[in-house]
Amino acid sequence: MGEIILVGSGWNSFLFRAEINSLVGYDKIIHPRLVTISNDSNINNLSNAALLDDILFNAKIINDYNISEREISLLIHKWTENNLPKGSFAIRTRKIGEETISLSSSSIEKEAGELIVSRYNNVDLETPEHEIVVILAGLEDQAFHKNKSDISKPVIIWGLRKKLPNKNKFESRNPIERPFFKPVSLDARLARLMISLSHKPDWFPKIIIDPFCGTGGIAIEAIIQGIDILASDLDPVMVEGTHKNLVWSKGEGEHTVKKCSIDNIVQLWGRQENCSFVFDPPYGRNSWKSDNGLDIFLQALKAAHSINPNGTICTMLPTVPEFMLEEKSDKYLVMGKKWEEIESLINSTGWIVSLKYAIKVHRSLARLILVCHPSH
Ligand SMILES: C[S@@+](CC[C@H](N)C(=O)[O-])C[C@H]1O[C@@H](n2cnc3c(N)ncnc32)[C@H](O)[C@@H]1O
């Protein structure tokens, strides 16, 4: 059997890999947007991933991208002898990354298709039983973090597509489509990603706690994947709005939404097992300097530790876009303080930072995604 390759969406290759690492763990990076996994026992967990485009089974990797369309087609044909089950098929060719590989997708589809057709396999482009996905992966967009694994080399792969049951339709859950909307609403894909990052390959939360639920961006993404949510907010208008949005989302997880200040959430929820904390804390309007915001954030970390000291946290803090140049991150401000100071404050609440990554919002604002695990 060949490899299982996961194909990441083009939004952010670093975060794609971080998400896969949290959900199932990966073996090798063969391209910033392509990773291999060694076993498929947790594969169903991937159907909830925010940044996963495809899962390819029995995959083949070719590092020689100077190959011709004819040569690739012959290799794909040879591969089908052991890897394509009986039934109708279609070949789907995709280019990802920059246009480094000058092969024609339609020629590969046509030539390989003609070679593969037999009395066992007919072409059906509309509703095929099997899809052979060919990916011509060019150089990756260098706008993302320039860490070593992002230094990409072009590569060609193909494999059999596994249909993802819950292919996430984030567009239909755009904040403005919801019955209750405010500008603070978190984008559905980002909320979904934060939930994934609060997983570990051998530990999955059954409950998510969001003590700053706002319009319920995180809560919606939790319940539609069947995770229960305990949501709260200081503002009663937000509490009512989140409740409305959760009913509208028709998610399967159970939900409880309460009006509560962060000072009182330990009393509100008590001790909880198997829960993670996923939240987007408040901070001053367009500001990354709110001292008050920092106090509220630290209170949330302490409360999380009291509620479940064995859980995980995924949160987001305001910072400056320069933070994205990771090697210099210590000197930039996060919530008005140097990162090293923030990190030691986090450590003093019983958590350690296991992932930090800044995404740009606009010219002067970025959001720093943080994942924290217990320090014991
Ligand atoms: C950035 S918004 C959260 C947005 C949310 N993720 C969404 O998708 O709509 C922060 C929320 O924290 C709430 N908040 C502010 N101070 C709070 C406090 N001390 N305790 C609890 N909630 C607070 C605000 O009412 C606001 O709804």
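G217 touches P175, S185, L186, A188 and A191, leaving aside residues up to four places away in sequence; two residues are in contact if their C-beta atoms, placed from the backbone, lie within 7 Å. G217 lies in helix 5, residues 217-223. Helices here are DSSP runs of H or I with at least four residues, strands are runs of E with at least two, and both are numbered from the N terminus. G217 counts as buried because it has 24 C-beta neighbours inside 10 Å. The cut-offs are these: a residue is buried if 20 or more other C-beta atoms lie within 10 Å of its own, exposed if 12 or fewer, and partly exposed in between, with C-beta atoms placed from the backbone. From the C-alpha atom of G217 to that of V257, 40 residues apart along the chain, the separation is 13 Å.

A word on what you are looking at. This is a predicted model, in which local features need pLDDT of at least 70 and side-chain atom pairs count only at pLDDT 80 or more, while totals for chains, interfaces and linings use all residues. Residues are numbered from 1 along each chain as its sequence is written.

G217 also turns up beside the ligand. The ligand is surrounded by 18 residues, and the closest are L186, F212, G214, T215 and G217; a residue is near a molecule if its C-beta atom, placed from the backbone, lies within 6 Å of it. This shell has 10 nonpolar, five polar and three charged residues. Here Ala, Val, Leu, Ile, Met, Phe, Trp, Tyr, Cys and Pro count as nonpolar, Asp, Glu, Lys and Arg as charged, and the others, Gly among them, as polar.

Now follow A188 and A191 into helix 4, where both are among the buried residues. Helix 4 is mostly covered, with nine of its 10 residues buried. What does helix 4 pack against? Helix 1 (residues 13-23) packs with helix 4 (residues 188-197) at an angle of about 45°, and their axes are 8 Å apart. Axes are lines fitted to C-alpha atoms, for helices over the stretch in contact, and angles run from 0 to 180 degrees between N-to-C directions. The angle therefore makes helix 1 oblique to helix 4: under 35 degrees counts as roughly parallel, over 145 as roughly antiparallel, 65 to 115 as roughly perpendicular and the rest as oblique. On the helix 1 side, L15, A18, E19, S22 and L23 meet L193, S196 and L197 of helix 4. The residues of this contact divide into five nonpolar, two polar and one charged.

Step back to the whole chain. The domain assignment gives domain 1 (3-162) and domain 2 (171-374), with bounds that come from an automatic or database assignment. Their C-alpha centres lie 33 Å apart, and 16 residues of domain 1 are in contact with 14 residues of domain 2. On the side of domain 1 that touches domain 2, the residues divide into eight nonpolar, seven polar and one charged.

Finally, look at two backbone angles. Most residues other than glycine have a negative phi. N58, in strand 4 (residues 52-62), has a positive phi near 50°. N58 counts as partly exposed because it has 18 C-beta neighbours inside 10 Å. For K250, phi is near 55°, again a positive value, and K250 lies in the loop between helix 6 (236-249) and strand 10 (255-259). K250 is exposed, with 9 other C-beta atoms within 10 Å.
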